[in-house]
Amino acid sequence: MRSLFVSHVPALPATSGGNQRTALLAMALRRLGETAMVLVREPAAVGEAERREMEAAFGLRAVLSPGGGAAGSRWGRVKHNALGAAARYRERPELVAGLAAVAEDFRPDVLVSRQLHVGRITGLTGLASRLGAASALDVDDLDWRVYASRLEHGGDRGVAAWVVRRHLGQLKRAVPGWLEGFDHLWVASDADRGLVEHGSVSVLPNIPYTGGEPMPEPPGPVLGGGDPELLLVASLNHGPNVRGVERFLGSVWPGVLSAVSGARLRLVGGRMSEEHKRRWSAEPGVVATGYVADLREAYAGATAAVSPVYEGGGTKIKVLEALMFGRPIAVTEHSYYGYASMLPEGAAVEVGRSDAELVGACVRLLNDPARSAEMGRVGYGLVREHAGFEAFAAAVRAGVERAVSDRSGVLDG
């Protein structure tokens, strides 16, 4: 099986949830046969060392500039807001030609896109049809859920809210038709599966990243002898994560401090700005550590973890990561999205559906380290059973084989 894998998210460095999912999908595709990878990203943003490593590990063939005004640039945002969300999904001739050149040389059996907008702007489904190849899409984040969550949690007001509502309406109308162009879809959870109408769709869950190796044994539990510590791990330059930290510090942490003697909150994650580090460290009981080289060591010192995210798309991989390290976790309702069937509430996860409930969830975990240790043990077992790489790779294989079979049936017919 020859797979051409197209992604705007690099596989390396595997230090964020997005990069990790790209790496995992690339590793699973390589198990099926020869794989070529195309990265849709500004070439200057890809380090030479990462490029060489992706060439060796994942068959990287090309890095193609997305063009059209980068989404994060000032012009990109103005264009996006003025023209509407659908403008982000229009084919870009230079990208279509660049991907076609790689594909015509490689001659894949299946073209796999990482997220919908990449498949759209590269003309991936049309190219697959011209080559007689199958197409598969890793939906990952449902494109309209990000906008829906922003409106739900009141993150935008006035003109900004109007723009978000407009984009949301456009995507809800257009996305179902766009998805139909792919032979197979992967979504990240059973909850998302219920929101997608397609003839061939399966769940490809987010899993903790172990480089494709078996899950390691977790560090021992914290059963007393030190201050109770709550650990928050996230990419701390990502808007939803930053806003979640701010809300947690303002509306949740004071209640935890008043109920748990000596409680400490440690904030860990890459790309924490100096301003955030200074401001967050000034809060009582807060240690803003930033990047750490060894997450296992960070979790080893924690009684429990917390994921205070209120908006955005996708399932939150940090929930499973905490359990992989044997630590129970308190989560917002948004962070719990997609996990109800795998992680029963109260077994390894405490859910706070309001700020007051999240205070109670954190307090229960910190004030009862023995119960927290047992919840961590249960959580580790659940993640090991349901969220290992072997199950992930099997889901990729099944999806690709179904896409190729369905495409062959169409061609034969």
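Buried residues are those under 20% relative accessible area, exposed residues those over 50%, and partly exposed residues those in between (1.4 Å probe, protein chains only). Helices (H or I, at least four residues) and strands (E, at least two) are DSSP runs, numbered from the N terminus. The model is predicted: local features need pLDDT of at least 70, side-chain atom pairs count only at pLDDT 80 or more, and totals for chains, interfaces and linings use all residues. Residues are numbered from 1 along each chain as its sequence is written, and side-chain values use heavy atoms, with hydrogens and water left out.

The protein chain holds 17 helices and 13 strands. Its radius of gyration, taken over C-alpha atoms, is set against a globule rule of 2.2 Å times the number of residues to the power 0.38. For 413 residues, a compact globule would have a value near 22 Å, and the protein chain agrees with 22 Å. Along the principal axes, the C-alpha atoms fill a box of roughly 70 × 50 × 40 Å. Of the 413 residues, 54% are buried. A contact means heavy atoms within 4.5 Å. Among contacts with a separation of 6 or more, 70% come from residues 24 or more positions apart.

The protein chain exposes about 17200 Å², and carbon and sulfur atoms supply 51% of that area. Such areas come from the Shrake-Rupley method with a 1.4 Å probe; for residues, only the protein chains shown count as cover. Side chains number 46 positive and 46 negative, and the centres of the two sets lie 5 Å apart. Lys and Arg count as positive and Asp and Glu as negative, while His and the chain ends are not counted. Each charge is placed at NZ of Lys, CZ of Arg, CG of Asp or CD of Glu.

Several strands were examined for pairing, which requires that DSSP finds at least two bridges between two strands. In a regular strand the side chains alternate between the two faces of the sheet. Strand 8 (residues 229–233) has 5 of its 5 residues buried, so it is largely enclosed by the rest of the structure. Glu229, Leu231 and Val233 lie on one side of strand 8, and Leu230 and Leu232 on the other. Strand 8 runs parallel to strand 9 (residues 264–268), with 5 bridges joining them. Glu229 has Arg264 as its bridge partner in strand 9. Strand 8 also pairs in the parallel sense with strand 11 (residues 304–307), over 2 bridges. There, Leu230 stands opposite Ala304.

Strand 5 (residues 134–140) runs parallel to strand 6 and is joined to it by 4 bridges. Asp140 stands opposite Val187. Strand 6 pairs with strand 7 (residues 201–203) in the parallel sense over 3 bridges. Leu185 stands opposite Val201 in that pair.

Strand 13 (residues 349–352) is buried on both faces, with Val349 and Val351 on one side and Glu350 and Gly352 on the other. Strand 12 (residues 329–332) runs parallel to strand 13, with 4 bridges between them. Val349 is the bridge partner of Ile329. Helix 14 (residues 317–324) has 8 of its 8 residues buried, so it is largely enclosed by the rest of the structure. Lys318 and Glu321 are among these buried residues. Gly326 follows helix 14 and has a positive phi, near 75 degrees.

Arg145 belongs to helix 7 (residues 145–152). It is buried, at 10% relative accessibility. Beyond four places in sequence, Arg145 touches Asp192, Leu195, Gly312, Gly313, Gly314, His334 and Tyr337. Arg145 and Gly314 are 169 residues apart along the chain, yet their C-alpha atoms are separated by 8.2 Å.

Backbone geometry was also examined. Most residues other than glycine have a negative phi, and most peptide bonds are trans. Gln115 has a positive phi, near 80 degrees. This residue sits in the loop between strand 4 (110–114) and helix 5 (116–121). Gln115 is buried, with a relative accessible area of 14%. Its contacts beyond four places in sequence include His8, Leu137 and Asp140. Arg107 also has a positive phi, near 55 degrees. Arg107 lies in the loop between helix 4 (93–106) and strand 4, and is partly exposed at 47% relative accessibility. A cis peptide bond joins Leu12 and Pro13, with omega about -5 degrees. Pro13 is in the loop between strand 1 (3–7) and helix 1 (17–32).
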